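Please look over the sequence and the model before reading on.

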Amino acid sequence: MTRKEEAYDFIKNKIVQNKLHPNEVISENQITDQLNMSRTPVREAIKQLVADGLVEMRGRENVVTALTASDVQEVYELRSLLETFALKKTINLIPEFKLDEIDNKFRSAYQAKDWDIYLKVDTEFHELITHIAGYERLKQFLKILKAQTARTRHVSSYNPYRMDRSIEEHQEIIKWIRERNLDEAEKALAYHLQKVYDSVKAYLNYLNE
């Protein structure tokens, strides 16, 4: 891992986990001190985060981008479109043993009530659906959304009941993929993504009350 990648992951994780809050100024000096590195890789990392839509320039300051209702809706609609397209291409390619692995990881994270691990498994599962067919342009489109998707995933975890519902939704998707039933798998995937969106939207509405 390069120093730029180290700085990028460090800042991105703080934003995604809401340790750097929306509209908060990012201090290059603090980051360089915390990571014990020069300013150059930190600046390069911030440029990448600007491209990802997680940071924006306001005058001479780098500020964490606010998460708005319209942003969340746009990410949800694009993610739904791309993942549903991917599922059509991959439903017959996903190996049974991979579904077993993912299912076991979900159950383990759920039993431990560990959201950090659960969200990693969630990412792994959705990337299994979207990446296994090897569509490079699809991967590129999803890569653009990845940082924003991670942010909405983490926000949805603030709902204390969300994990209970989420594991049921994922098990339903896995069930229909096992049976290679595209129609039902698409319905289950669409329902799951809608519920993630609803959870994030409810959280934003709560913040704005």
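The expected span of a helix is 1.5 Å times one less than its number of residues. In this predicted model, helix α7 covers residues 136–156, and its 21 residues reach 29 Å from the first C-alpha to the last, close to the 30 Å expected. Even so, α7 has a kink of about 45°, which is centred on Lys146. Among the buried residues of α7 are Leu138, Leu142 and Leu145, as well as Arg151, Arg153 and His154.

Lys146 also belongs to the lining of the largest pocket, where Lys12, Thr123, Lys146, Ala150 and Arg153 lie nearest the centre. Helix α7 gives the most to this lining, with 12 residues, while α1 (3–16), α4 (69–90) and α6 (115–131) each supply at least two. Because domain 1 (3–64) and domain 2 (69–208) both give residues to the lining, the largest pocket lies between them.

The second largest pocket has Tyr8, Lys12, Gln48, Asp52 and Lys143 nearest its centre, and the elements that give two or more residues to its lining are α1, α3 (39–52) and α7. Each of domain 1 and domain 2 provides at least three residues of the lining of the second largest pocket.

| Pocket | Volume | Lining residues | Classes in the lining |
|---|---|---|---|
| Largest pocket | about 640 Å³ | 26 residues | six nonpolar, nine polar, 11 charged |
| Second largest pocket | about 310 Å³ | 13 residues | four nonpolar, two polar, seven charged |

Terms used
Residues numbered from 1 in each chain as written. Predicted model: local features only at pLDDT ≥ 70, side-chain atom pairs only at ≥ 80, totals over all residues. Heavy atoms only, no water. Helix = DSSP H or I, 4+ residues; strand = E, 2+ residues; numbered from the N terminus. Bend = angle between axes of the 7 residues up to and from the residue. Buried < 20%, exposed > 50% of the residue type's maximum accessible area, 1.4 Å probe, protein only. 1 Å grid on protein atoms, 1.4 Å probe; cavity = no way out; pocket = protein on both sides within 12 Å on 5 of 7 lines; lining within 4 Å. Points joined across faces, edges and corners; volume = space filled by probe spheres on them. Nonpolar A, V, L, I, M, F, W, Y, C, P; charged D, E, K, R; others polar. Domains from an automatic or database assignment.
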